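Q: Could you walk me through how to read salt bridges in a structure, step by step?

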Amino acid sequence: MKRIGVLLLLTVLFASCKSTKDAGTESVTAMSSKKIINNHYNESFDENTLNGTIKAKYQDKNSSHSVGVSYRIQKDSAIWMSGRMLNITLAKIFITPTKVQFYEKLGKTYFEGDFALLSDFLGTEVDFEIVQNLLLGQAIVDLKEQKFNASVDENSYKLEPKKQADLFDLLFWMNPTNFKVSKQEVRQPDIQKKLTIDYVEYQEVQEEMLPKKINITAVDGVERVFLNLEYKSVQFNNNISFPFSIPRGYEQIQLNE
């Protein structure tokens, strides 16, 4: 059940039912990395709050779960979620830039701490901004802080750092239609870990371009975990609150479990 709590944390954001825009099959014209990156940040999400629902599916070699998630987001400040299965509340989660909290009812366990649990689960360092950007269709690192080589690949613009980090490799594919991320990967080949976030479909919601379907794959050696997210509804800029308290009698989850 710990993984369902982690699943809730990853199933954070958006959707509604307006027109969908994909890259299509048109040829992609070569473009400089600087222009691609500038276009990407020009399309950054620009609302204050969000709330709505998501359908999420978790799968590993031993199990598969579908979870309905209600969420409330204060951009750059807080993420709150409540997950349900068969109309039964399974778990709640609340995160801020400095803290992660969740509890799950079936096992009566809870976690309270930093982002180490998520980092361990995904096989790469994670913080609030990375989680938020991942689910907004934004690059999980600041692309303006380093130099990139740009090429056309898989009908997308591919960005690869001219100098990769010592411990991991980063790769980005940008949608040539809306300059949101088509796919992004964190690779750690020395220890056989890889995180892939594939943005299967985008949609326009109140003039904002947001992901509609995201597939996340985390590989650790021979172990694979899949998260499939489908955003069902979204509302912007409502007055929202974040009710959260860990029930009495629950057992704290330790990171070495």
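The dialogue below turns to salt bridges and the exposure of their partners.

A: Two points come before the reading. This is a predicted model, in which local features need pLDDT of at least 70 and side-chain atom pairs count only at pLDDT 80 or more, while totals for chains, interfaces and linings use all residues. Residues are numbered from 1 along each chain as its sequence is written, and side-chain values use heavy atoms, with hydrogens and water left out.

Q: How many salt bridges does a search of the whole structure find?

A: A salt bridge is a side-chain nitrogen of Lys or Arg within 4 Å of a carboxyl oxygen of Asp or Glu. By that criterion, the search of the whole structure returns six, and one of them joins K61 to E223, with the closest N and O atoms 3.0 Å apart. K61 sits in the loop between strand 1 (49-59) and strand 2 (64-74), whereas E223 belongs to strand 13 (residues 223-236), so this pair ties together parts that are 162 residues apart in sequence. Strands here are DSSP runs of E with at least two residues, numbered from the N terminus.

Q: Is E185, the salt-bridge partner of R187, buried or exposed?

A: Buried means under 20% relative accessible area, exposed over 50%, and partly exposed in between (1.4 Å probe, protein chains only). E185 is buried at 5%, while R187 is partly exposed at 31%, and their closest N and O atoms are 2.6 Å apart.

Q: What are the relative accessible areas of K61 and E223?

A: K61 is exposed, at 62%, whereas E223 is partly exposed, at 35%.

Conventions:
Helix = DSSP H or I, 4+ residues; strand = E, 2+ residues; numbered from the N terminus.
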